[in-house]
Amino acid sequence: MLNKIHHIAIICSDYEKSKHFYTQILGLTVIQEVYRKDRASFKLDLALHGVYCIELFSFPDPPKRISRPEASGLRHLAFEVSNIDEITTRLSSYNIEYEPIRTDLFTGKKFTFISDPDDLPIEFYEK
């Protein structure tokens, strides 16, 4: 019945800051950017390796997201990486703090977490 996950929608509080984070730091590419005047809202469609994956929205004064303590609902967004050390080096070059690298007890794979500009947990999971 289901084919695949089509996209993930993220609402940000500072559009330019989040746009910079997702495009310049994480390296997602812009498919389309639209300003919806009636909503005072941007909608930015982003792709990873040419595949549409994230809709970034801005809305006036969105409520804060509860990240910690963990609450019901979407827990985090995870990206597969080829080399965890390369991503942590890149993050460090932007002064982005990451959690200590851990190893998944079930798969033996390394992973770490950061937070996006609105404190959404982002995981990097080594291939």
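Modeller: Happy to. Take L26: leaving out residues up to four places away in sequence, L26 touches F21, F79 and F124. Touching, or contact, means heavy atoms within 4.5 Å.

Modeller: Two ground rules as well. This is a predicted model, where local features need pLDDT of at least 70 and side-chain atom pairs count only at pLDDT 80 or more, while totals for chains, interfaces and linings use all residues. Residues are numbered from 1 along each chain as its sequence is written, and side-chain values use heavy atoms, with hydrogens and water left out.

Colleague: Why does L26 count as buried?

Modeller: Buried is under 20% relative accessible area, exposed is over 50%, and partly exposed is in between, with a 1.4 Å probe and protein chains only. L26 has 19% relative accessibility, so it counts as buried.

Colleague: Where does L26 lie?

Modeller: In the loop between α1 (15–25) and β2 (29–36). Helices (H or I, at least four residues) and strands (E, at least two) are DSSP runs, numbered from the N terminus. G27, with a positive phi near 85 degrees, follows α1. The buried residues of α1 itself are Y15, S18, F21, Y22, T23 and I25.

Colleague: What makes a set of residues a nonpolar core?

Modeller: The members must be buried Ala, Val, Leu, Ile, Met, Phe, Trp, Tyr or Cys, joined through side-chain atoms within 4.5 Å. The largest such core here has 24 residues, and Y22, I54, L56, F79, I122 and F124 have the most contacts inside it. Elements giving two or more residues to this core include α1, β4 (51–58) and β8 (121–126). Its largest share, four residues, comes from α1.

Colleague: What is I54 in contact with?

Modeller: Setting aside neighbours within four places in sequence, the contacts of I54 include I8, I10, Y22, L44, L77 and F79.

Colleague: On to the rings: how many aromatic pairs are there?

Modeller: Seven, from a search of the whole structure.

Colleague: And why is the pair of F57 and F59 called stacked?

Modeller: Rings of Phe, Tyr and Trp (its six-membered ring) pair if their centres lie within 6.5 Å; planes under 30 degrees apart are stacked, over 60 edge-to-face, and the rest tilted. The centres of F57 and F59 are 5.7 Å apart and the planes at 15 degrees, so this pair is stacked. F57 has 11% relative accessibility, so it counts as buried, whereas F59, at 26%, counts as partly exposed.

Modeller: F111 and Y125 form a stacked pair too, 6.1 Å centre to centre with 20 degrees between the planes. This pair links distant parts of the chain, with F111 in strand β7 (residues 110–115) and Y125 in strand β8, 14 residues apart. Ring pairs also join Y15, Y35 and F42 into a cluster.

Colleague: What makes something a pocket rather than a cavity?

Modeller: On a 1 Å grid over the protein atoms alone, a cavity is a set of points where a 1.4 Å probe fits but cannot get out; a pocket is an open set with protein on both sides within 12 Å along at least five of seven lines, and lining residues have an atom within 4 Å of a point. The second largest pocket is lined by residues including L26, L28, F79 and F124. Its lining takes its largest share, three residues, from β5.

Colleague: Last one: why is N95 called exposed?

Modeller: N95 has 71% relative accessibility, so it counts as exposed. N95 sits in the loop between α2 and β6 (102–103), and has a positive phi of about 60 degrees although it is not a glycine. Most residues other than glycine have a negative phi. D119 is another non-glycine with a positive phi, about 70 degrees; at 33% relative accessibility, D119 counts as partly exposed.
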